[in-house]
Amino acid sequence: SLQVRGLCGTYNGDQQDDFATPVGDVESSVSAFTDKYRAPGACPARGPFATDPCDAYAGQRDAAEAACAVLHSSAFQ
C-alpha cells in the first residue's frame, strides 16, 4: 500500500505510480490526474493548459526554478 500519495506523488522513487488517484488507479496525464483530486463544487473547471508552462509563462521561469531547487534540496531528501 502507498504511504504517501496525492498531488506530490508517491515519493517511492517509482515515477510510474506518481499519478495514483484517490481510488488507486493511475492516470497517464496531468489534467486527468488533477481532476481526480478536485473537490466537487469547490474548484472552477480547469481551463486550457499550455503544453509547456515555461513557454506560456517565460517571465516566471527563474522563480519556478528557484522554487523547485528548494524541493530538490537536502531538506526534502
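This report covers the salt bridges and the aromatic pair of a predicted model.

Residues are numbered from 1 along each chain as its sequence is written, and side-chain values use heavy atoms, with hydrogens and water left out. Because the model is predicted, local features need pLDDT of at least 70 and side-chain atom pairs count only at pLDDT 80 or more, while totals for chains, interfaces and linings use all residues.

**Salt bridges**

Side chains of opposite charge can pair when their charged atoms come close. The structure holds three salt bridges. The term stands for a side-chain nitrogen of Lys or Arg within 4 Å of a carboxyl oxygen of Asp or Glu.

| Salt bridge | Distance, N to O |
|---|---|
| Asp25 and Lys36 | 3.2 Å |
| Glu27 and Lys36 | 2.8 Å |
| Arg61 and Glu65 | 2.9 Å |

Where do Arg61 and Glu65 lie? Both are in helix α3, which spans residues 61–71. Helices here are DSSP runs (H or I, at least four residues), numbered from the N terminus. Four residues separate Arg61 from Glu65, about one turn of the helix. Arg61 is partly exposed at 40% relative accessible area. Glu65 is also partly exposed, at 43%.

Shared partners join Asp25, Glu27 and Lys36 into one network of salt bridges. Asp25 sits in the segment before α1 (30–36) and Lys36 in helix α1, so their pair ties together parts that are 11 residues apart in sequence. Asp25 has a relative accessible area of 31% and is partly exposed. Lys36 is partly exposed too, with 37%. Glu27 also bridges to Lys36, at 2.8 Å from N to O.

**The aromatic pair**

A pair of aromatic rings is described by the distance of the centres and the angle of the planes. How many aromatic pairs does a search of the whole structure find? It finds one. Rings of Phe, Tyr and Trp (its six-membered ring) pair if their centres lie within 6.5 Å; planes under 30 degrees apart count as stacked, over 60 as edge-to-face and the rest as tilted. The rings of Phe19 and Phe33 have centres 4.8 Å apart and planes at 20°, so this pair is stacked.

Is Phe33 buried or exposed? Phe33 is buried, at 3% relative accessible area. Phe19 is partly exposed, at 27%.

Note on methods. Helix = DSSP H or I, 4+ residues; strand = E, 2+ residues; numbered from the N terminus. Buried < 20%, exposed > 50% of the residue type's maximum accessible area, 1.4 Å probe, protein only.
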